[in-house]
Amino acid sequence: MKKLWKLALAFTACAAALCLTAAAAEADTAPIKVWGTVSPWDGEGIFLKNGDEADNFSEVVVHLGDAPVVDAETGLPLDVEDIQEDDTLYAWINPAVTLSLPPQGSAIVAVGNVPADGAVPEYYEIAMKPVMPMDSSEMEVQTVGGKTFTVPADVEIGPWLTRQIVTLEDLIPGTQVLVWKDAEGKAEKIIVFAYAYEGYLNLLAASHGELLACINGEFDDETPQFSCKKAENGTALVPVRAVAEAIGCEVRWDKELGAVVSRNGDVVLSAKPGAEVIQTSEGECGISVPCVLENGVTYLPAADLAYWLNVFFVG
């Protein structure tokens, strides 16, 4: 399944062969929740109007693309063809919104068939791996954007469009969910979308001053860890080979291109020591601090490397 978060590449692609750094494009930005009545529109997409003058997106065009469209009552897929004029639709769109009037954005997920007296489920992306306290039957889940929600141990949880079994253990960083809440604001039903990343990257400032990183785990004896560096401005730099190989990529050295990272034979990126840009499948793109080569190890800013490898960056 395509990464839901990247469905709006048309709005964030490199311009004139030079794109923004991943750190700038994806730094702590949460999806934008929009809603409204489906209104007449001559162009492509669905035009929503909600009449709230205080809402910056009281009028917005939503492009559904391949985004999941969910029935608010059943949690099942809602046929786009069933969305009619005057229906109420909620959507979470990528924060890269066009400056047109009305503004336009690509949906990450949309919810329709909302009951007049029913609550609308909320979309979240998990920011940190939640832990159930020993003395409690519920846990707090942190999400991208700084919000939290409470999950009881007996919550109803299931996958989107598959038969696989999912549990609270599957709420790892980067997991995208739709959450229905009860009258107390606690989760009573969770739909878990297929994991859209290649993994997740954790960083830790160790007690002895060393900066460590790990892939797909916590800082314990069971998860391999590798040493990182810090740029003069404090930006975390991670070893390209260690991170890339941990998610199954291949890395080679080229005297002209520097470190070259490939996945299944296709080049993902190349990074040349000292350069302030990297070469990617989308062209030449800026990075937040220059590439570093030290003792035979190539380092890139953690957020930038994670973005281009499609790895969720916990930080």
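Student: What makes E245 and R241 about one turn of the helix apart?

Tutor: They both lie in helix α3 (residues 240–246), and they're four residues apart. A helix here is a DSSP run of H or I with at least four residues, a strand is a run of E with at least two, and both are numbered from the N terminus. Before we go on: this is a predicted model, where local features need pLDDT of at least 70 and side-chain atom pairs count only at pLDDT 80 or more, while totals for chains, interfaces and linings use all residues. Residues are numbered from 1 along each chain as its sequence is written, and side-chain values use heavy atoms, with hydrogens and water left out.

Student: Why is E245 called partly exposed?

Tutor: Buried means under 20% relative accessible area, exposed means over 50%, and partly exposed is in between (1.4 Å probe, protein chains only). E245 comes out at 41%, so partly exposed is the label. R241, at 40%, is partly exposed too. Elsewhere, salt bridges with shared partners join E138, E184 and K186 into one network.

Student: How do you know that E138 and K186 meet in a salt bridge?

Tutor: Their N to O distance is 3.1 Å, so it falls within the cut-off. E138 sits in strand β9 (residues 138–142) and K186 in the loop between β12 (176–181) and β13 (187–192), so the bridge ties together parts 48 residues apart in sequence. Both partners are partly exposed: E138 has a relative accessible area of 25%, and K186 has 23%.

Student: What makes K33 and E122 a salt bridge?

Tutor: The closest N and O atoms are 2.7 Å apart. This pair links distant parts of the chain, since K33 is in strand β2 (residues 32–39) and E122 in strand β8 (residues 122–125), 89 residues apart.

Student: Why is E122 called buried?

Tutor: Its relative accessible area is 17%, so E122 lands in the buried class. K33, at 35%, is partly exposed.

Student: How do you know that β8 and β12 pair?

Tutor: Two strands pair if DSSP finds at least two bridges between them. β8 and β12 have four, in the antiparallel sense, so they qualify. One example is Y123, whose bridge partner in β12 is L178. β12 also runs antiparallel to β13, with five bridges joining them, among them K181 with A187.

Student: What makes β12 mostly covered?

Tutor: Five of its six residues are buried. In the hairpin of β12 and β13, five residues lie between the strands, and G185 has a positive phi near 85°.

Student: What makes the phi of D86 stand out, given that D86 is not a glycine?

Tutor: Most residues other than glycine have a negative phi, and most peptide bonds are trans. D86 has a positive phi of about 80°. D86 is in the loop between β5 (69–71) and β6, and with a relative accessible area of 60% it counts as exposed. N216 is another non-glycine residue with a positive phi, near 55°. N216 belongs to the loop between β15 (211–215) and β16 (225–227), and at 39% it's partly exposed.

Student: What kind of peptide bond joins L101 and P102?

Tutor: A cis one, with omega about -5°. P102 is in the loop between β6 (88–93) and β7 (104–112).

Student: How far apart in space are A244 and D221?

Tutor: They're 21 Å apart, C-alpha to C-alpha, and 23 residues apart in sequence.

Key:
A salt bridge is a side-chain nitrogen of Lys or Arg within 4 Å of a carboxyl oxygen of Asp or Glu.
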